[in-house]
Amino acid sequence: MGNELSSRYDCVVIGGGIAGMETALLLGDMGFECLLVEKEASIGGKMILLSKVFPTLDCASCIATPKMAAVQNHPRVTLLTYATVESIAPREDGRLEVEITRRPTFVDPSRCTGCGQCEKVCTVARPDQFNQGLVARRAIYIPFPQAVPKKAVIERRGLSPCSAACPAGLKPHGYVALIRKGRLERALHSILREAPLPGVLGRVCYAPCETRCTRGKKGQSIPLRALKRFVAENLPREERFLPEKKIPKKVAVVGSGPSGLSCAYFLARKGLEVVIFERDEAPGGLLRYGIPTWRLPREILDQDLEDIKALGVKIVTGKEIRSLRSLREEGFEAVYLATGSLKPRTLGIPGEDLPGVYAALSFLRSYNTGKPPELSGKKVAVIGGGNVALDCARTALRCGAGEVTVIYRRDREHMPAHSFEVEEALAEGVKFLFRRAPLEFRGRERLEEILLAEVRLGEKDETGRARPVVDPSRTETFRADAVILAIGFQPEAIFRDEGFSYHPDGRLKVDPETLATNVEGVFAGGDCVTGPYMVANAVGAGKRAAYHIYRYLTGEEPRDIDLAPEVGRGDKAARVRLKAPVAYSSVFGENPVPEQAIEAAGRCLDCAVCSSCKECVETCPAGAIDLNMKPQKIRLKAGAVLIATGFRLFDPSSRPLTGYAHYPNVITAMQMERLLAPTRPYNAVLRPGDGKVPGNIGIVLCAGSRDQAAGNPWCSRICCMYSLKQAQLILGAIPIAEVTIYYIDLRAFGKGYEEFLQQAAGMGVHLVKGRVARIDELENGDLVVYYEDMEGRGGVRKARHELVILAVGALANPELRKCVREDLQLDEAGFFREIEPVREPCVTSVPGLFVAGAASGPKDIPDCVLHAGAAAAQIAAYLRSLGSEGA
Amino acid sequence: MSVKILVFSTQNISDPGVDLAGSSHLPYSPGVVVIPVPCSSGIDPRWIIYALEKGFDGVFIAADGTDCPYLEDCTTRTGQVVARAQEMAREKGLDPRRIRMAAICSVCAEAFVNHMRNFEKALQELEHGK
């Protein structure tokens with residue numbers, strides 16, 4: 001087996017079932033180079049999942065496994081699993097051009113040893129498709145013990161909406177999945193791996209993850225922020241991401257707000273020497289001086305700061321950096337500017353300098369440092385409509401203000417503040433006055449009243465909001481003892497002489513991808529680049545800067561700093577459609593207990609399947625997991641292409657009268673195969689509804705075949721025989737069982753088949769000629785089968801069974817039809833047509849394209865193998881005609 | 001105390017069978033240690049003797065039988081490996097009954113467990129017979 005793909009093959013075989021494997025092996029033996037493409041993670045097709053083959057009752061796995069191994073080991077057969085054929089187009093030279101997408105498995109197959117340790121730690125359970133949904137597998141899984149190749153794959157559909165929404169790069173789906181499993185310490189670990197400041201974010205983040213949560217689309221979203229807060233505040237911070245090695249390079253971070261702290265955190269984890277310079281007396285920037293203490297208790301901030309200091313980050317407070325030259329002289333090779341955006345905007349109206357007029361940040365700062373202005377019983381106005389305005393209003397209430405009014409120039413729906421913040425402010429008693437703008441602050445010694453003008457909303461501006469137009473002719477006075485101006489901030493002009501480029505409003509210009517400024521070795525991020533924005537965004541900017549500073553200093557990509565989703569790696573947000581809202585009221589309050597957190601997390605829908613918790617990444621002893629893997633397009637030339645895509649089983653959930661969609665004890669024949677197979681999930685024949693050993697079993701033939709109403713009037717050829725086989729195997733597994741087969745007519749047409757039927761009848765299998773119309777469930781899970789008695793006295797009769805098996809028909813597999821641009825003929829049932837099945841078996845209407853096995857119509861296994869042999873002979877002859885000789 | 005058995009399994013055929021025994025939660029002695037090899041006919045008899053000398057009570061070769069994807073005469077060849085190992089054991093004064101071989105297919109989980117139980121019993125009897 002060659003691991004490297006070639007650009008041309010004699011034959012591309014599509015489908016790794018028994019027919020595809022057989023043809024590939026035969027062609028390989030003849031000396032032709034073959035590529036076998038399989039869409040699942042393992043070859044083996046349906047046969048490897050079966051119990052026994054009829055009529056010999058040989059073990060299906062024992063026949064299939066050596067073939068699978070032979071395919072893997074054949075020197076002229078290359079195996080490409082987890083790949084789909086996108087198109088097959090004829091070329092002028094008579095060959096075919098095949099386009100294949102190799103889907104990312106997120107596991108490096110050259111490293112994976114198939115040990116299965118990843119499966120043990122995976123946090124997401126999915127129905128196991130190889131066990132027909134009877135049991136669960138994990139999001140990371142090895143298909144089955146006999147899988148070839150025996151390598152793990154991760155089912156991952158982009159990123160979950162919550163994880164894609166987080167500006168800080170947290171993976172809410174990941175920590176929720178860990179909490180759901182009760183692994184709270186690991187949840188905290190997962191949060192700390194992706195971002196610092198979990199305590200801060202748990203309190204102050206605006207939680208865009210919750211806005212995007214699929215549960216929230218119809219009902220209550222998962223309380224993602226509250227869950228983060230729960231683990232951040234209730235678990236010890238013992239685990240640190242200490243660097244493996246020290247890198248002797250120094251980085252200066254100017255500013256200790258969320259962005260600077262985040263950058264320092266990630267760089268220190270990578271082993272760099274980081275010093276944060278803070279001009280205030282204590283670190284934290286806006287977190288300490290801007291966010292009110294009632295919203296973010298300082299012990300929580302201090303605990304988060306400890307995480308960062310523990311990594312060796314040095315925080316120098318009370319030191320303002322005025323020139324970059326001094327930093328360079330001290331040996332810093334890179335600088336991250338995270339100086340924030342703290343300069344208040346002013347209104348430029350009379351009276352702004354009156355006592356009693358406060359700027360928002362200085363007001364909050366005085367409150368946060370324990371020296372709030374005397375407001376008790378006073379009437380306070382707050383000008384502005386953002387989150388800071390609301391923080392000021394609510395803080396003023398906490399300072400004892402008698403009445404607090406937020407004055408905003410537009411309407412409530414235009415407020416930049418989050419609507420839940422407005423709700424909370426209203427609940428606390430904050431009043432709102434909309435469409436008013438101050439013209440003048442009046443008072444003799446100090447502020448006494450505000451002259452307000454009415455505001456009319458004009459045309460929409462560039463932000464899409466209505467432009468406010470002040471009408472100075474319509475004014476009123478508003479009595480106020482104090483007014484707080486929360487009308488925005490802008491970055492201070494820093495390092496004006498260092499040659500930086502600025503936007504007109506004072507923000508630093510940076511490369512949006514790397515956050516590098518135009519000055520060599522200097523990066524900048526957070527509010528000083530974006531203007532005032534959210535904490536989570538600042539944390540994200542610090543993380544991004546750390547990534548690029550590390551790369552700048554070492555020339556290496558820091559792969560463990562995960563910038564997704566922002567870097568545009570093609571990870572799309574996964575979508576799950578909820579049919580109906582689910583009534584649910586959360587019990588997850590202010591002081592939850594772990595059980596409540598686990599319950600709240602249990603509602604997660606696993607939108608992207610893989611939760612990105614990265615437990616497998618940390619567990620895999622071979623370091624094989626790579627969540628950045630991308631789909632790979634492969635284009636190659638082939639002399640011939642064989643379609644061996646097999647068939648699809650009829651899905652009886654579309655037939656409500658069969659009860660399959662509702663009654664757990666109505667199963668399909670393929671599920672019964674799994675229950676009987678040596679690799680069976682329960683290691684016994686049990687009915688799924690209650691785990692009882694069924695004593696009386698009914699098998700309903702022609703479920704979804706020979707049925708005009710089901711859209712498939714054709715016979716599936718295999719159901720009679722596999723049902724007789726199952727009946728015999730059931731009697732072998734449960735000797736006291738009664739088995740009844742309901743049939744229209746029993747088609748035992750091949751060599752040894754009639755004897756097989758007689759053998760089943762001789763074992764005591766009841767054969768009832770009757771068409772089943774409906775199946776009902778009784779209270780104890782038993783089933784009543786209504787059938788037309790065709791041979792006895794006639795009429796509709798009833799029979800009771802403990803388990804009913806639907807012998808589902810074989811339908812055409814439509815997957816490949818769209819891949820062939822040339823006119824590829826199908827038969828009336830949708831199978832690939834052999835244009836001359838008698839004279840030229842396996843030859844389709846497109847030159848070079850062949851079909852084998854059940855892709856051309858339902859066939860049993862011996863017929864598939866025969867057909868595959870014919871296909872190999874046809875293809876060999878065709879390849880010779882093209883000039884390919886083989887060996 | 002449970003006996004120590006070293007099992008040589010084959011990557012493609014018998015190892016999935018042994019793996020299935022584990023994933024089906026079939027109980028067998030914790031003293032069984034499995035080393036997968038590409039093909040049982042490639043086992044060197046000296047490895048078997050080395051294992052016995054290093055303290056294993058028995059060595060079991062879970063061969064492919066006729067399922068071997070490489071060689072049609074794999075069973076004969078593996079049989080020769082075992083015969084040679086038993087001969088070497090005799091020369092070193094070790095009981096050749098400590099070396100066994102059986103075909104284990106990819107789904108022979110129960111067969112494997114039965115082999116292990118029987119071999120364990122036989123090895124215990126050998127110990128007591130001393």
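## Polar contacts and salt bridges between the chains

Between chain B and chain A there are three residue pairs in polar contact, both at pLDDT 80 or more. A polar contact is a pair of N or O atoms within 3.5 Å; within protein, one must be able to donate a hydrogen and the other to accept it, and residues adjacent in sequence count only if both atoms are side-chain atoms. Helix α1 (residues 14-23) of chain B gives the most to the side of chain B that touches chain A, with four residues. Helices (H or I, at least four residues) and strands (E, at least two) are DSSP runs, numbered from the N terminus.

This is a predicted model, where local features need pLDDT of at least 70, side-chain atom pairs count only at pLDDT 80 or more, and totals for chains, interfaces and linings use all residues. Residues are numbered from 1 along each chain as its sequence is written, chains are lettered from A and ligands numbered from 1 in the order in which they are written, and side-chain values use heavy atoms, with hydrogens and water left out.

Two salt bridges join chain B and chain A (a side-chain nitrogen of Lys or Arg within 4 Å of a carboxyl oxygen of Asp or Glu). A:R680 and B:E110 form a salt bridge through their side chains, at 3.8 Å from N to O.

## Contact and buried area

In contact (heavy atoms within 4.5 Å) are 15 residues of chain B and 16 residues of chain A. The two chains bury about 1200 Å² between them, 57% of it on carbon and sulfur atoms. Buried area is the accessible area (1.4 Å probe) that two parts lose on being put together, summed over both. In chain B, the residues B:N12, B:L20 and B:V107 lose the most area to chain A, together 33% of what that side buries.
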